[in-house]
Amino acid sequence: MLDIKWIRENPEALADALVKRGSDGDAAQSTVAEIVGLDEARRTHLTGLQQKQERRNAASKEIGKAMGTGDKDLAEKLKAEVAALKSDLQDGEAKERELDKALKDALDVVPNVPLDDVPVGADEHGNVEVRRHGEPKRENSSKEHYEIGEALGGMDFETAAKLSGSRFTILKGQLARLERALGQFMLDLHTTEHGYTEVQPPLLVNDDAAYGTDKLPKFGDDLFRTTDGRWLIPTAEVPLTYTVAKDITDQDKLPLRMTALTACFRSEAGSAGKDTRGMLRQHQFYKVELVSVTDQESSVAEHERMTQCAEEVLKRLELPFRTMVLCTGDMGFGARKTYDIEVWLPGQNAYREISSCSVCGDFQARRMDARYRAEGEKQTKFVHTLNGSGVAVGRALIAVMENYQNPDGTVTVPQALRPYMGGLEKIGA
């Protein structure tokens, strides 16, 4: 959520940001005007309430004085005024709640403001490559992961569909072990070398956690909800980030760095017809998540660091990749800047996203009321939050299978994973 004071003082800056994110100019101006108008109405109403409360307090004191001097008529008149003010204040408080909700509802659907160095663009075609690592394999004989997996007998889509419908996969044997090895390898790397603390969070969260991490109300259709009103997490970003909600953290304890390997659940409501073959886009998948909570001065540097931590996973696995900075039109709702890491998939002869690392500024912190206090200062500030994939385990499995496939149908196990595979060097049928 954006700071209403900032919006009030910088309406043109917000309108410009909305245009950069893809809004029509008139629509952007209308959105800003609506928010500023709602804020002005709320503040005018609060001023009126305060004046009435002050008059009520003064009249209550005047009643006592009138009674003390024996002026019963004045006392009764003042009592009637106090009673009327009390009724007005009760009605006014109800109106205040309505105005608060209207302003909050309007702010809830306004995206974050991009940083100045984010390239302006309409969609993914406006993204900019910032670096590349490794040499992509370009062989016409390269197979896609589902062809390799089915031939090995370790990837079963038909039975998964019988159990759960489309966009589910059953992994068996050494492919199941390879996916498990990938997750354990990533966790070990991030906790032993990158300074992240491993967390095992709940996979179900309440409305407050989903709202605080900007998944509600805008993305409710992309989530799965249980019959008791909880939400299955779309990423461990949600529970990890929300651990600091409503807290005041001492600045000297920042940054907080957390990582988790969890199942993730997404309805893929907006991706009908995309990547229907194989396990590239699933309703259920595993991901290692990275979350950082920093002070306001450190978040941009932390963003670069987090992205490098995710890149290191692919370097250790010796997978070719490129890192892209997303343009304003392709960036996520709560992000101020995002790097996408795209791994090379020989079977598709294309780079595909395997990690997305974002800095959110205080956008989520305002929703969560998450703050920090510097030593010796009474005033608190909102923390800055960051999140990134470190990396998507299922997509890493796909990348390993396609990049390490052999002409005889086997898959070579990357050196970094062999300790997790009992020394196994190749996976065969």
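# A walking tour of the model

Start by selecting Arg371 and Phe382: the charged end of arginine 371 sits over the ring of phenylalanine 382, 4.3 Å from its centre. Here, a charge sits over a ring if NZ of Lys or CZ of Arg is within 6 Å of the ring centre and within 35 degrees of the ring normal.

Before you move on, note that this is a predicted model, with residues numbered from 1 along each chain as its sequence is written. Local features need pLDDT of at least 70 and side-chain atom pairs count only at pLDDT 80 or more, while totals for chains, interfaces and linings use all residues, and side-chain values use heavy atoms, with hydrogens and water left out.

**Stop 1**

Now pick Arg367 and Tyr211. The charged end of arginine 367 sits over the tyrosine 211 ring, 4.6 Å from its centre.

**Stop 2: three phenylalanines**

Select Phe219, Phe333 and Phe363, which form one aromatic cluster. Rings of Phe, Tyr and Trp (its six-membered ring) pair if their centres lie within 6.5 Å; planes under 30 degrees apart count as stacked, over 60 as edge-to-face and the rest as tilted. The whole structure holds four aromatic pairs. Helices (H or I, at least four residues) and strands (E, at least two) are DSSP runs, numbered from the N terminus.

Is phenylalanine 333 buried or exposed? Phenylalanine 333 is buried, with a relative accessible area of 8%; phenylalanine 219 is partly exposed at 26%. Buried means under 20% relative accessible area, exposed over 50%, and partly exposed in between (1.4 Å probe, protein chains only).

Turn to the other side of the cluster. The rings of phenylalanine 333 and phenylalanine 363 have centres 5.6 Å apart and planes at 75 degrees, so this pair is edge-to-face. Phenylalanine 363 belongs to helix H11 (residues 363-368), and the pair therefore ties together parts 30 residues apart in sequence.

**Stop 3**

The peptide bond from leucine 216 to proline 217 is cis, with omega near 0 degrees. Aspartate 214 is in the loop between H8 and E6 too. Aspartate 214 has a positive phi of about 60 degrees although it is not a glycine, and it counts as buried at 6% relative accessibility.

**Stop 4: a three-stranded sheet**

Show E7, E13 and E14: they make an open sheet in that order, with mixed pairing. Which strands are at the edge? The edge strands are E7 (248-250) and E14 (381-382), each pairing on one side only. Two strands pair if DSSP finds at least two bridges between them. Strand E13 (residues 371-373) and E14 pair in the antiparallel sense over two bridges, and tyrosine 372 stands opposite lysine 381 in E14.

**Stop 5: the cores**

Colour the nonpolar residues next. A nonpolar core is a set of buried Ala, Val, Leu, Ile, Met, Phe, Trp, Tyr and Cys residues joined through side-chain atoms within 4.5 Å. The largest has 52 residues, and those with the most contacts inside it are Leu178, Leu182, Met186, Leu314, Leu319 and Val391. Its largest share, eight residues, comes from H7, helix 173-192.

Centre on leucine 178. Leaving aside neighbours within four places in sequence, leucine 178 is in contact (heavy atoms within 4.5 Å) with Leu397, Val400, Leu417, Met421 and Ile427. A second, separate core of 43 residues includes Leu2, Ala15, Leu103 and Val205.

Then select valine 391, found in strand E15. The peptide bond from glycine 390 to valine 391 is cis, with omega near 10 degrees.

**Last stop: the cysteines**

How many disulfides are there? With a disulfide taken as a pair of cysteine sulfur atoms within 2.5 Å, the count comes to zero. For cysteine 327, the nearest cysteine sulfur, that of cysteine 360, is 17 Å away; cysteine 327 is buried at 0% relative accessibility. Cysteine 360 has its nearest cysteine sulfur, that of cysteine 357, 11 Å away, and is buried at 3%.
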